[in-house]
Amino acid sequence: MATDDKRPQGATDSFDVIVIGGGPAGYPCAIRAAQNKLSVACIDEWKNKDGTPAFGGTCLNAGCIPSKALLESTELYHRLQEEFATHGIKVSGTQLDLAQMQKRKAGVVRAMTQGIVALFKGAGVTGLQGHGRLLPGRRVEFTAHDGTRRTLSARHVVLASGSAPIELKSAPFKDPYIVDSWGALDFDTVPKRLGVIGAGVIGLELGSAWRRLGSEVTVLEALPDFLPFTDEQLSREALRQFKKQGLNIRLGARVSGAEVKDNAVEVRYSDAAGEQRLSVDRLVVAIGRRPYTKDLLAPGTGVQLDERGFIKVDESCRTGVENIWAIGDCVRGPMLAHKGKEEGVMVADLIAGHYGEMNYKVIPSVIYTAPEIAWVGLTEQEVKASGRPYKTGTFPFLASGRARAMEQTSGFAKIVAARDDDEILGVHIIGPLAGELIAEAVLAMEYSASSEDLQRTIHAHPTLAEAVHEAALSVDKRSIDSINR
Ligand SMILES: Cc1cc2nc3c(=O)[nH]c(=O)nc-3n(C[C@H](O)[C@H](O)[C@H](O)COP(=O)(O)OP(=O)(O)OC[C@H]3O[C@@H](n4cnc5c(N)ncnc54)[C@H](O)[C@@H]3O)c2cc1C
């Protein structure tokens, strides 16, 4: 990426807005600010494993995009082996070419990250690759990758420095045996036995991907409940599906140690039955992520971190220091790319004096396993705990003509609505393309729709979206294509 960083040391450049971090929170913020006719620089220090710098942050380089590319390829491989014969397609001589699979994944990532360079160029954003550090007085020290340093100034600075994987003290990373999610996306052989610590979104996606290629996967989860943040009906069905697929999920399993011995990892953990041992060829630690703010703030900026290391902000992402904002994974809220993106857009609009607001109650979540799992709003147990009278409707994909045609009938769509005014409070889907289907629910909730609004909305037939329609009908026991209970 062309940058201006060859200017003499000490030169000062000024911008309306400087964004530190070019991930899915920072780069959309920079683009929207430029669309708002502001002069913008976006500083990003990401370097890939081969040393090449790239915009896009964790999401494009080591998270959302490579994981979805790998999940797509592995699901195709799995379906080819398990499902094609049912469709009357006989295939023989199937072979896995993992090197090609990884090459395709790398190509997808490259296309997306290079896309940001083109987007910056199109919008007029100055992309600067290197480290950014906020100095007092809305100045930013920029150190390019070649070590050249200069001080920039801005009317507004947006901090979007993202997050990093949490390391487990009892199982420290030891490449290539004990790795984080990035390492687990890059295996060059299929581990015969794979251990995953953490049955969260990332652990389940990675475990599923390698299971489909033949790994024996054991997932160790310290919590006693499976996916405790999801609707209970949804988590029960998900656990049933994953077990059926051969994922060995052990709940209440606390890891106390992991050592590399003779080309394998010996894991020690305890569960209700006492001390246990597990031997695997590769171990993935996917226990969550922490905000990343290393060398981001010089002394005296006034920007504060909370006790967990997140940059403190209000609901509009203001840090409390005039014209300094923070967005994305480095601030409170779910660590999701689309949450960061919307915060970035909101901040860029607010800076330009336009309207900008985030609706934190309506942020969708998706787990890209097969079947996919997606939800938005409140779970049934949350509504119950709130004391508000409610009603629910569910529709099984087994009764969907499209799902049957696709040979993907697992799961259901569920809607939780208020009993008093019928407002939709939460939607929970496990099934084919749940991540796409949830968009309708998000839109409905954004407009405070009632279940009747969805009931009276015509859905094309035969589509998977009819499951959401029928779940809405089922809220008032008016489902046509399933028995109302
Ligand atoms: C395996 C995996 C799969 C995931 N899948 C999904 C998914 O499907 N959907 C989803 O919504 N989310 C997913 N996530 C989460 C998602 O990646 C994050 O929520 C998202 O990347 C956060 O965006 P961000 O811009 O806040 O931070 P990041 O993406 O972490 O970007 C921050 C950028 O700032 C740079 N930076 C940091 N400090 C400085 C500095 N001082 N100077 C210059 N640059 C700096 C970093 O190098 C980085 O490039 C996944 C994460 C992982 C690990």
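This is a predicted model: local features need pLDDT of at least 70, side-chain atom pairs count only at pLDDT 80 or more; totals for chains, interfaces and linings use all residues.
The ligand is surrounded by 37 residues. The closest are Asp44, Thr58, Lys68, Asp329 and Ala337. At Ala25, a backbone N or O atom lies 3.0 Å from a ligand oxygen. At Asp329, one of the residues closest to the ligand, the corresponding distance from a backbone N or O atom to a ligand oxygen is 2.9 Å. A polar backbone atom of Leu336 is 3.3 Å from an oxygen atom of the ligand. Taken alone, the ligand exposes 1,000 Å². The protein buries 95% of that area.

Several elements give two or more residues to the shell around the ligand. They are strand S2 (40-44), helix H2 (57-62), helix H3 (64-82), strand S3 (126-135) and helix H8 (337-351). Helix H2 gives the most, with 4 residues. By class, the shell divides into 16 nonpolar, 16 polar and 5 charged residues.

Helix H3, a contributor to the ligand shell, also packs against two other helices, H6 and H4. Two packed helices are described by the angle between their axes and the distance between the axes. For H3 and helix H6 (residues 201-212), the axes come within 8 Å. They cross at roughly 35°. This crossing is left-handed. On the H3 side, the contact is made by Ser67, Lys68, Leu70, Leu71, Thr74, Glu75, Tyr77 and His78. H6 supplies Glu205, Ala209, Trp210 and Arg212. The contact of H3 with H6 has 5 nonpolar, 3 polar and 4 charged residues. Lys68 belongs to this contact and is also among the residues closest to the ligand.

The crossing of H3 and H4 is right-handed. From H3, the residues involved are Ile65, Pro66, Ala69, Leu70, Glu72, Ser73 and Thr74. They meet Met101, Gln102, Arg104, Lys105, Val108, Val109 and Met112 of H4. By class, the contact of H3 with H4 has 8 nonpolar, 3 polar and 3 charged residues. Leu70 and Thr74 of H3 take part in the contact with H4 and also in the contact with H6.

Some backbone features lie in loops. The peptide bond from Ala370 to Pro371 is cis, with omega near 0°. Pro371 sits in the loop between strand S17 (365-367) and strand S18 (372-377). His461 and Pro462 are also joined by a cis peptide bond, with omega about -5°. Pro462 falls in the loop between helix H12 (451-455) and helix H13 (466-475). Asp262 is a residue other than glycine with a positive phi, near 45°. Its loop connects strand S11 (254-261) and strand S12 (264-271).

Conventions:
Residues are numbered from 1 along each chain as its sequence is written. Side-chain values use heavy atoms; hydrogens and water are left out. A residue is near a molecule or strand if one of its heavy atoms lies within 4 Å of it. A polar contact is a pair of N or O atoms within 3.5 Å; within protein, one must be able to donate a hydrogen and the other to accept it, and residues adjacent in sequence count only if both atoms are side-chain atoms. Accessible areas come from the Shrake-Rupley method with a 1.4 Å probe; for residues, only the protein chains shown count as cover. Ala, Val, Leu, Ile, Met, Phe, Trp, Tyr, Cys and Pro count as nonpolar, Asp, Glu, Lys and Arg as charged, and the others, Gly among them, as polar. Axes are lines fitted to C-alpha atoms, for helices over the stretch in contact, and angles run from 0 to 180 degrees between N-to-C directions. A crossing is left-handed if the near helix is turned anticlockwise from the far one by less than a right angle, and right-handed if clockwise. Contact means heavy atoms within 4.5 Å.
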